[in-house]
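Subject: Structure handover

Hi,

Here is the structure we talked about handing over. Please open it first, then read my notes below.

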Amino acid sequence: MAGIRLNKITKSFGDVSVLKGIDLDIRDGEFLTLVGPSGCGKSTLLRIIAGLEHQGGGDVHIEDRPVNGVRAAERNLAMVFQSYALYPHLTVAQNMAVPLRLRELGFFERFPLIGRMIAGAKHAEIARHIKETADVLQIGPLLDRKPGQLSGGQRQRAALGRAMVRKPVAFLMDEPLSNLDAALRVHMRAELAELHRDLGVTFIYVTHDQAEALTMSDRMAVMMGGEILQLAPPAKVYDDPKDLQVAQFIGSPKINALEAEAASDGTIHVSGATLTRRVDPAHAGRITVGLRPEHLQLVPEFGEGTISGNVVHRENLGSDLFLHVDIGSQRMVVRADPLAASTLRTGDTVHAIPLPGRAMAFGADGARLHLQEPVETRQAVVA
Amino acid sequence: MPRSRAHILFVAPAIFLMIAILILPIIVAATLSFTDYSLGNDSFNWVAWKNYDRIVSRSSFQKMFTATLTYVLVVVPLAVGLGLGAALLINSVSRFGDVYKTIYFLPVMAALLAMAIVWEFTLHPSVGLINQTLARGCGTWLEWFAFFRQGCERTFPLWLGDRDYAIWTVSFIGVWQGFGFNMVLYLAGLTSIPRELYHAAEMDGAKSGWERFRLVTWPMLGPTTVFVVTITCIRSFQVFDTVEAFYPQGGGPSKSVYVMMFAIFEKGIQQNLIGLGSAITMIFLIFVLGLTLIQRWLVERRVHYS
């Protein structure tokens, strides 16, 4: 069974082009996250997959079936909305029954009394499905309540329940956790990932929260300006971003993007330090060096390869301590061990050294530049 | 600690105004309804339930109830239904929505007394637009209908002058005048329905417009409907200007359009029977109060979300 395939999807609203030819192959049973800042087109893409929005161009295939002209109701997908979109006048159980009633029951079978008389078996079947799903989500006691009487987390579960009762090809989720408080969000992250493992169904998850993308997905597609900049498993996106924008978007605190100078032989000078690895001399000139806070280490003395500056702010998270260091023209965040750095105060001068092999270089256009060990670089140039 | 009495001072102006302009007049009217007082008299006699007795037993007042209830039962469903229908249609068109809104709202804004002249002319038995148009159908297949055949043989109805037609004609004008207001209320109700609910309905498999209406639109318009029905009911009970404009002599052909408000006006003001007028007013008040209580009950019970 194949998953969902997108082929050169474009979409414009008036003159503004929000999707610029998206190609995406979503595997069956995969948890794929579309992540990006607001306005990058991720929700629009999800709604195009759902069929709630028509693409300007390109094709959507679900299970190898082209669905361009197929309306949302007939695509057999389920969606969880940011606002949950539960029907406020129906109880949780009635909300969960809606997709089953509309699909399984005929017009007369939905009538209050006659329906049960002519299709009692079907009604019993629906009730059984709701009961089963409610047990999985542990919302059994809530079934008779209306959405207005539920907390945010409970509504979220009810919305999930409504999506789960009929076995859809895929779940589409549009920022389902963004209305929850921070603690519940972390909890639901783990629960959603577990649910995905248990169900084995494709999840397409839209979020602007890089932490959700990193923690839950099998693969994540980082979108910006209507394009997918990188599609890879979370670890790969974090460790090996293809683009400066991706590197800056993924990771908290943000990666340090330091202005640097590549000499004509490819050596990189960044804020007084020189990196051991070099860039292809063709890229000589202004470049950007990306250093994640955990890839900088505090050293006691100024020395070769250190970057120095004054502490302007310290953030103690308990397990980690982030020092904001003023290194002249810009600021840099360094992660330190809270114990080792406990004596540091704002205003103190600190020295940090990049861990070998971890720095990333980005060209003027933001594209990732390959860094090479010095000896080989010279040989390559000679050869 | 001594209890402060400031709270009494804070609510005093509102309480005073409420008593002076709402509660007191009702009490006065209720008291007068048990007397034979006439404006200008120095004294009055207590007549106990005599005024109410007259209302219940006299045939002209039975006609009053018939006319009023007929008017309400015709105007409320039609004005609400047409208002909802027009709102749904206007909501679904992408162009000219504002034009339709303006057209349907025009009768609401127009003074009914002025419009009555237009209607009187339109409904005139011989030169009126309606009967002239109907007369053009004579001699065609339309004569298969009994109504048409009789109209052509003798004359088409005297819409305002025939006691079989008068109350229906007045009701029709009431619908014409009132449904635009309901349409505006429904349009406001429609814009407050979250778009995502329609998307959820589509994802859940609601394919036809009827399914979407049953699942989302109608339940979400519940609070609007309760309000619209109540306000239309009260306005229908209060109908007066159409009757006064068409039948200033009182109540239309055989008192078939003798509605409550007109009865109050005729007895209490024209004939200066303040006691009798007050008694009708009290009955009117009980009707309206009952409606309002039903509305409150519905709002609390059935259509209160959030």
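The buried residues of helix H2 in chain A pack against two helices of chain A, H4 (120-137) and H5 (152-164), and against helix H10 (209-220) of chain B. Keep in mind that this is a predicted model.

**Helix H2 of chain A**

H2(A) covers residues 92-104, which makes 13 residues. From first C-alpha to last, H2(A) reaches 19 Å, close to the expected 18 Å. H2(A) does bend, by about 35° at A:Val98. A proline, A:Pro99, follows within four residues.

Which residues of H2(A) are buried? They are A:Val92, A:Ala93, A:Asn95, A:Met96, A:Ala97, A:Val98, A:Pro99, A:Leu100 and A:Arg101.

**Contact between the chains**

On the A side, 18 residues are in contact with 17 residues of chain B. Strand S6 (77-80) and H2 of chain A each supply at least two residues to the side that touches chain B. H2(A) gives the most, with 4 residues. By type, that side of chain A divides into 14 nonpolar, 3 polar and 1 charged.

**Chain A overall**

Chain A has 10 helices and 23 strands. The C-alpha trace of chain A spans about 85 × 50 × 35 Å along its principal axes. Of the 383 residues in chain A, 39% are buried. Take the contacts in chain A with a separation of 6 or more: residues 24 or more positions apart account for 63% of them.

**Backbone points to check**

Most residues other than glycine have a negative phi, and most peptide bonds are trans.

- The peptide bond from A:Ser252 to A:Pro253 is cis, with omega near -5°. A:Pro253 lies in the loop between helix H9 (244-249) and strand S11 (256-262) of chain A.
- A:Lys8 is not a glycine, yet its phi is positive, about 50°. A:Lys8 sits in strand S1 (residues 4-13) of chain A. A:Lys8 counts as partly exposed because it has 13 C-beta neighbours inside 10 Å.
- A:Ala85 also has a positive phi, near 50°, and is a residue other than glycine. A:Ala85 lies in the loop between S6 and H2 of chain A. Buried or exposed? A:Ala85 counts as buried, because 26 C-beta neighbours lie inside 10 Å.

**One residue in chain B**

B:Leu187 lies in helix H8 (residues 166-191) of chain B. B:Leu187 has 19 other C-beta atoms within 10 Å, so it is partly exposed; the cut-off for buried is 20 or more. What does B:Leu187 contact, leaving aside its neighbours within four places in sequence? The contacts are B:Ala87, B:Ile90 and B:Asn91. B:Val93 is 94 residues from B:Leu187 in sequence, and the two are 13 Å apart in space, C-alpha to C-alpha.

**Where to look**

For a quick pass, begin at the bend at A:Val98. Then go to the cis bond from A:Ser252 to A:Pro253. Finish with the positive phi of A:Lys8 and of A:Ala85.

Best wishes

Key. Residues numbered from 1 in each chain as written. Chains lettered and ligands numbered in written order. Predicted model: local features only at pLDDT ≥ 70, side-chain atom pairs only at ≥ 80, totals over all residues. Expected span 1.5 Å × (residues − 1). Bend = angle between axes of the 7 residues up to and from the residue. Buried ≥ 20, exposed ≤ 12 C-beta atoms within 10 Å, placed from the backbone. Contact = placed C-beta atoms within 7 Å. Nonpolar A, V, L, I, M, F, W, Y, C, P; charged D, E, K, R; others polar.
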